[in-house]
Amino acid sequence: MREIYNDKLKQDLIDQFNYLDLFGFDIQQHVKLFFISQKDHIIQDTQKPEYLFYLVKGKTKLYEYMENGQVSLIDFFDPSSFIGEMELIDEHAAPLNVQAIEDCWCLAVQLHELKDSLLTDPVLLKNLLSYIAHKNMKNIRTSTRNQSYPLSKRLASFILVTEQNGK
């Protein structure tokens with residue numbers, strides 16, 4: 001993951017995704033742009049995230065290493081997704097792994113620098129609440145489908161979700 005110092009590209013993405021509207025205070029000077037190469041981590045379970053990320057291009061996966069050595073795939077994130085919101089809201093939340101499954105671009109604000117402002121911003125909190133509610137409903141639907149559908153349909157769905165450039 002590397003920070004990109006291209007003000008025009010950053011501003012284009014801010015405008016395209018109405019990023020500044022997610023906040024109730026002027027965040028413009030604090031916004032950073034990151035490029036994350038495929039297979040790089042945005043967040044790792046070994047350290048708390050430094051940023052509240054907002055995925056604007058690419059696709060990521062959320063997973064956890066289980067005690068038995070297996071990897072549990074939890075979710076996928078597409079553009080217009082927050083990453084690191086749970087760790088912002090709950091300082092005791094154990095971070096999970098978020099990895100790019102294709103090249104990604106994220107807008108981000110640094111957590112330690114703005115944490116108090118972010119946690120008292122009613123506009124951001126409303127947007128995070130809405131985002132978390134939608135994510136929860138998606139996970140409920142996925143869980144229901146996993147219990148109801150045969151393996152062949154679940155496998156087909158998984159293949160469609162993880163495809164990259166038609167492969």
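Biologist: Why does Lys 39 count as exposed?

Modeller: The relative accessibility of Lys 39 is 60%. The cut-off for exposed is over 50%, so Lys 39 counts as exposed. This is a predicted model, and Lys 39 is found in its loop between β2 and β3 (41–43).

Biologist: What is said about the phi of Lys 39?

Modeller: Phi of Lys 39 is positive, about 80°, although the residue is not a glycine. Asn 18 also has a positive phi, near 50°, and is a residue other than glycine.

Biologist: What makes Asn 18 partly exposed?

Modeller: Its relative accessible area is 48%. Buried needs under 20% and exposed needs over 50%; 48% lies in between, so Asn 18 is partly exposed. Asn 18 sits in the loop between α1 (7–16) and β2 (32–36).

Biologist: Are Cys 104 and Cys 106 buried or exposed?

Modeller: The relative accessibility of Cys 104 is 0%, and that of Cys 106 is 0%. Buried means under 20%, so both cysteines are buried.

Biologist: Why is Glu 85 called buried?

Modeller: Glu 85 has a relative accessible area of 2%. That is under 20%, so Glu 85 is buried. Glu 85 belongs to helix α2. Beyond its neighbours within four places in sequence, Glu 85 is in contact with Leu 52, Leu 128, Tyr 131, Ile 132 and Lys 135.

Biologist: Which residues lie nearest the centre of the second largest pocket?

Modeller: They are Leu 62, Glu 85, Met 86, Leu 96 and Lys 135, out of 17 lining residues. The elements giving two or more residues to the lining include α2 (85–89) and α4 (122–148). By class, the lining has 11 nonpolar, two polar and four charged residues. The volume of this pocket is about 270 Å³.

Biologist: Which residues have the most contacts inside the largest nonpolar core?

Modeller: Tyr 19, Phe 53 and Leu 118 do, in a core of 39 residues. Strand β4 (residues 51–57) gives the most to this core, six residues. Leaving out residues up to four places away in sequence, Leu 118 touches residues including Phe 23, Leu 88 and Leu 125.

Conventions: Residues are numbered from 1 along each chain as its sequence is written. This is a predicted model: local features need pLDDT of at least 70, side-chain atom pairs count only at pLDDT 80 or more; totals for chains, interfaces and linings use all residues. Side-chain values use heavy atoms; hydrogens and water are left out. A nonpolar core is a set of buried Ala, Val, Leu, Ile, Met, Phe, Trp, Tyr and Cys residues joined through side-chain atoms within 4.5 Å. Buried means under 20% relative accessible area, exposed over 50%, partly exposed in between (1.4 Å probe, protein chains only). Helices (H or I, at least four residues) and strands (E, at least two) are DSSP runs, numbered from the N terminus. Contact means heavy atoms within 4.5 Å. On a 1 Å grid over the protein atoms alone, a cavity is a set of points where a 1.4 Å probe fits but cannot get out, and a pocket is an open set with protein on both sides within 12 Å along at least five of seven lines; lining residues have an atom within 4 Å of a point. Grid points are joined across faces, edges and corners, and a volume is the space filled by probe spheres set on the points. Ala, Val, Leu, Ile, Met, Phe, Trp, Tyr, Cys and Pro count as nonpolar, Asp, Glu, Lys and Arg as charged, and the others, Gly among them, as polar.
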